[in-house]
Amino acid sequence: MDLVVADARGHRAVSALADFFHRQAGEALGSSIEEWVAALAAAEVRVLPDQEGPVAMRLASRRNAIDAYRTRLTVEAGRIDLSLLADDLPPLVVDGLVDGLRIDVEGKRTSSLLLPRLRRWRRMLIVGQPGSGKSVAVREIAAHCAGNADAPVPIPVSLPRLLKGQPGRLTLDSLVDDAVAGTVPDADRAPLAGYLKEEIGRGRALFLCDGLDECGAHAPWVTQQLEEILTSMDPSCGFVVTTRANTQRAAARLSLPRVELASPRDLDATVDSILVACAEARIPGPYRAAFLATRRAWIEDAKEEHAHLLAVPLLAALLALVCANAPDADLPRGRAALLHRAVEQSVLRWERLRGTLDPARPWAPALTTGMLLDGFVTLGRLLDGEATPLAGHALASLTGVLRDPLRWAMPPAAADEVAEHVLRFWDEHVAVFVVNGAGELTARSKVFAEIATAMWARSCGAEELRDWLRHALNHTDSDGAIALAAGLDPRMAEALLDVGETRREATLMLADLAERGVVTLSDSQTERALGQLTDGALDAIAGQPVPPRGPAKPPKFFPALWDETRDAGPWPFVEAACLLNLPPVSRRCRADLVHLAELDSTAKSIAHVLCALTDARTDASPLSEAEIDALRAVLALPLPQDPEMVRRGRRGWEMVGGGPLTPGLEQVALGAAEHLGELPDDASERVFALAMLAVGRVAERIYVALARTGFDTNRRWGNVVAGLRNLASSARDNRAALLSDLVSLHGPCPESMDGDFWSLTALGDLLAATGYSGSPAIEIDRAFAYVSTATRRAWLDATADAYGIDKAAVAAQASRLHRIAAPDSLLDEWLVAGTPPLVKPSLLPSVGQVLTDAQQTALLACLESDSSWMAWSAANVLGNLEGDRVPWDGQELFDRDMTHWPRPRAGLFHAMAVMTSGDRRPSLLARAASSESADHRWAARILISAVPPLDPDGSIKEALRRDADLSVRPKDAHQVTPAPTHWSCNDCRTVQALDTEDCAGCDDGVRPTS
């Protein structure tokens, strides 16, 4: 034995194996030599590896190769290499990156987490834009599986690399060889490949085929080859393919469920990790906190204005680095410059890496960084205003720029070639302007088109700039581009003033940009702006009409929310003047404006306080005692009453009370937050109350200012958090009870490695069979609040047998989950189990012969349970029983009085009575359809709707569509003639006149609506 194990530990090896065999014998289990080697490893006895030695040594050699393979994949988890972006930064590791990957699933309105869907489905076609993270997703999935003993072994395959070998045919062996290549030494490849093939044969492998779109014209052939491989595999084997939208048609032949990779939500964590890495590498310890706080605030402010700013991974990383490199003084008003710098850095980075990029797709030799930047501006201008030009039009525009004699003066053929490479750079390499599946050019975020427009504005002539502003000011779509252009080009202030002579919106915009620190006005520009604001106020007093202002194409829903037309009175001009940083000599003119504006006493008080706050900030001086008194008086002004929901009839509620703040108060609160040290202790609470009523960017600025003083602004989420906490607690208790019920479905059984604990298939299928994921939370709550444990367990037992679901596997998987102590970890696993399967579970044929009489009776009892989740689930099984074999009399059930139940539940009971009445089903259905009881007729309607063959000639359907009771008719027959004569309450059954809205016999019933 000493020749087989290391460190002469033969005696220890013999002892460990003896213990292992003893345990195996006690459980009457067999074992394999692989398990013997594993038992030695558990006893810290290392078997010497030797591919030419005895079986155990060969197995140890293979185990080493497997471990090296898994380690190679797991170390890549969350890894972000910044060496090509910043030489002094080590690689970053973002924990839990795979848990943040999200996908858009067809038919779902919101995105879903990728990992639970993949674990449940095991097969998937992931479609994503360039740079959206498809390859990162493959890498993270592989790392997750490699580090999880329950997961299938990952087999990552690069399809373009595989194709590069010019194979005549793709086979299972070639996919495995590609995964093995470069991961282990040559000597270990054969045993590793053998292991992977064994796992494939057991259905415990997950192929991750990346880059179908990069196969170009060969993509259809590659897809056909993959289809043959997929057909030959064990159905349990996982298979994932990633591609861009342009090759998804070819990929459709694989019949994989298609999902779209959603914009990553975890880039916030990535960006923050980059900032932290920069701080640790460059900033001395005592100054790091301030360094990070300033830049985090800047990033949050930038995201507030540009919600999709961090939607592109490469630019998000570049923006974080540029932000980290910028001096503090540049940050408050340097968003445009930093965005511009990030775009330039993406081009410079390409230039540095040009020689190392994919040699199979070389870049045109004539392509330069200047051409790429010109291309960015050209493409961005095409997309300004959210247009979506065709890719051909975009190429034509790029070609025109390259052929322009005043720019690049390229010959036509060369310009055509370079134009394609410019588009490829911004489409695939940086992925900010992307060609979608319809061949249209789109922007990953509006901000990229805006910064491109701002870069163009910086290069155009003065008159061209003014013309653009006159057009852009017509709608709010270009406000972002104007702000970014103002941050890039000092000429914008003068141009806005020129346009402001006739368009007051230009002056108001300039004043806003100055207040936000985007532009700095000279004294002469400030004086000119003040004069225009004064003229604007006087024009407003004279009744000059206000031009409407909003998006060029208002959204279909709630368009008023996007209307930014200013108020008709003089206040917008007065407020803008009060917020201007004025030199002392100009403040008299501002006071004259406030006097001339004919403001009421409240507005005048607010204006004077705003002037005092602005002057204190401009002069870097404290407030005087009189100014503090005035500020306290304004802060004490009555606030709008808290809005409340008031019931308007039984159909809905209406928000009453509330209303906007008095104009200017939010700016007073923002200014007061900088002077809290000069104000009474309760001033911060008053400022916080004002922030709670303010809207948009100003509210967030108030919260930030309060937070800097140590004030707890998280209280704004207090009620929401408390409500969510209560819901989470209830769901947690219900989950624990349900797991206990599921564990009870089978006696104790030993866990095995084949327990399917990664996909939780049996457990998930049983949940799907009960309709768990689609049931209202309140009905699930009722199942645990009002239904006995014995009834629930009998229902689950019968349901599992009806659908042929392995109860031992369900119990084992539920037991595994039940032992998880950490709530977050349990929730992660529950999300997998609760994910609907690709194919909905179906009932076994002749289910009535599978279920015992006791099980059928248990399901019948569920029809009268206090949970509609259980009732409808049981009905799905009962409706498929053979009526002549059930242990009850269907006609007797049909005659039972169920009026103490709401009509939907009473009707369900009567419908199941008809369905399980055997040979009497046709006569009982006819009786239900012609019954005087609206409940019976309602039951007949839902029956023939669910099982149309029960009404072969359609006579019952037509009769019920003309029912005199509106409550019985289907919604699409409410207007069918003859008209209904009345409606009956679904709760108390009181008959009402058609013109009666609310039931007079109870507190909840309402007339049916179409």
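I started with the cut-off for burial: a residue counts as buried when its relative accessible area is under 20%. This is a predicted model, so I read every value below as computed from it.

**Entry 1: Arg 244**

I looked up Arg 244 and got a relative accessible area of 8%, so it is buried. I then checked its place in the chain: Arg 244 lies in the loop between strand 8 (238–243) and helix 10 (248–251). Which residue does the side chain of Arg 244 join in a polar contact? I found Asp 427, at 3.1 Å, side chain to side chain. Leaving out residues up to four places away in sequence, I noted what Arg 244 touches, including Val 127, Lys 134, Asp 213, Asp 427 and Glu 428.

**Entry 2: the aromatic rings**

I searched the whole structure for aromatic pairs and came away with 14. I picked Trp 350 and Trp 363: their ring centres are 5.7 Å apart and the planes meet at 85°, so I logged the pair as edge-to-face. This pair links distant parts of the chain, with Trp 350 in helix 14 (residues 335–353) and Trp 363, 13 residues apart from it, in the loop between helix 14 and helix 15 (369–383).

**Entry 3: charges over rings**

I went back to Trp 363 and found the charged end of Arg 424 over its ring, 3.8 Å from the centre. Elsewhere I noted the charged end of Arg 816 over the ring of Phe 757, 4.0 Å from the centre.

Note on methods
Residues numbered from 1 in each chain as written. Predicted model: local features only at pLDDT ≥ 70, side-chain atom pairs only at ≥ 80, totals over all residues. Heavy atoms only, no water. Helix = DSSP H or I, 4+ residues; strand = E, 2+ residues; numbered from the N terminus. Buried < 20%, exposed > 50% of the residue type's maximum accessible area, 1.4 Å probe, protein only. Polar contact = N/O pair within 3.5 Å; in protein donor to acceptor, adjacent residues only side chain to side chain. Contact = heavy atoms within 4.5 Å. Phe/Tyr/Trp six-rings, centres within 6.5 Å; stacked < 30°, edge-to-face > 60°. Lys NZ or Arg CZ within 6 Å of the ring centre and 35° of its normal.
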